[in-house]
Amino acid sequence: MILFTTARTVVREMDASYLDHLVNLDSDPEVMRYINGGKPTSRNRMAEKLADWTAHYRAARPGGFWAIHLAYSDRFVGWVHLKPDWADRELDELGYRLIREVWGSGIATEVACGMIDHALHEWGRESVVARTLAANRASRRVMEKAGMRFEFSFTYPPEVLPGWPVERRAAVRYRIDT
């Protein structure tokens with residue numbers, strides 16, 4: 001099922017056939033740099049995650065993780081999600097991860113805008129939040145270009161980023177409301 005399209009992308013449901021794409025995405029140390037310091041996600045762990053990610057498509061409060069494909073080639077280039085925020089389950093959190101080859105092309109902003117629009121207007125959400133490490137300037141810029149405003153700074157707890165010193169766990173949250 002297609003969730004939405006943008007000028008250059010098609011955003012649609014994932015299933016088990018996406019496992020190799022997701023493992024490859026998470027195997028790039030630069031893609032994972034601000035997630036876990038650059039470590040790949042194992043195939044077994046990704047299979048577990050994929051099963052959880054796709055369980056939310058038809059829930060009473062729909063969301064989940066959705067595949068991003070280039071419209072002109074149908075090439076998988078990443079994912080976007082809308083899921084309950086880890087710190088405040090009443091809020092919906094936007095997230096995205098894309099292959100390095102499309103970084104800087106505007107695809108992340110295009111898809112973030114599409115997901116925000118879908119969440120607020122199709123699913124009736126009142127607001128969407130997004131979080132990133134303070135040092136991740138590219139992700140912060142995507143949030144800003146998508147119309148989100150800086151809300152506050154915080155520090156991820158040690159259990160979220162185990163072994164990371166406190167200064168590397170500095171993070172920010174952005175928000176957009178209807």
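How many residues does H4 have, and how far does H4 reach from its first C-alpha to its last?

## Helix H4

H4 has 16 residues and spans 21 Å from its first C-alpha to its last, close to the 22 Å expected at 1.5 Å a residue (the expected span is 1.5 Å times one less than the number of residues). Helices here are DSSP runs of H or I with at least four residues, strands are runs of E with at least two, and both are numbered from the N terminus. Please keep in mind that this is a predicted model, in which local features need pLDDT of at least 70 and side-chain atom pairs count only at pLDDT 80 or more, while totals for chains, interfaces and linings use all residues. Residues are numbered from 1 along each chain as its sequence is written, and side-chain values use heavy atoms, with hydrogens and water left out.

H4 is mostly covered, with twelve of its 16 residues buried (buried means under 20% relative accessible area, exposed over 50%, and partly exposed in between, with a 1.4 Å probe and protein chains only). Among the buried residues are Glu110, Met115 and His118. After H4 comes Gly124, with a positive phi near 70°.

## Helix H3

In H3, Met46, Leu50 and Trp53 are buried. They line one face of the helix, because they fall within an arc of 65° when seen down the axis of H3 (the arc is that of the directions from the helix axis to the C-beta atoms). Asn44 and Ala51, on the other side of H3, are exposed. The cover over the buried residues of H3 includes H1, S3 and S4.

## The largest pocket

The largest pocket holds about 1600 Å³ of space. A pocket is an open set of points on a 1 Å grid over the protein atoms alone, where a 1.4 Å probe fits, with protein on both sides within 12 Å along at least five of seven lines; lining residues have an atom within 4 Å of a point. Of the 50 lining residues, Tyr34, Ile35, Trp79, Tyr96 and Arg97 are the closest to the centre.

H5 gives the largest share of the lining, seven residues. By class, the lining has 24 nonpolar, twelve polar and 14 charged residues.

## Trp86

Trp86 sits in the loop between S4 and S5 and is partly exposed, at a relative accessible area of 35%. Beyond its neighbours within four places in sequence, Trp86 contacts residues including Glu93, Arg131 and Phe154 (contact means heavy atoms within 4.5 Å). Trp86 and Arg131 are 45 residues apart along the chain, yet their C-alpha atoms are separated by 10.0 Å.

Terms used. Points joined across faces, edges and corners; volume = space filled by probe spheres on them. Nonpolar A, V, L, I, M, F, W, Y, C, P; charged D, E, K, R; others polar.
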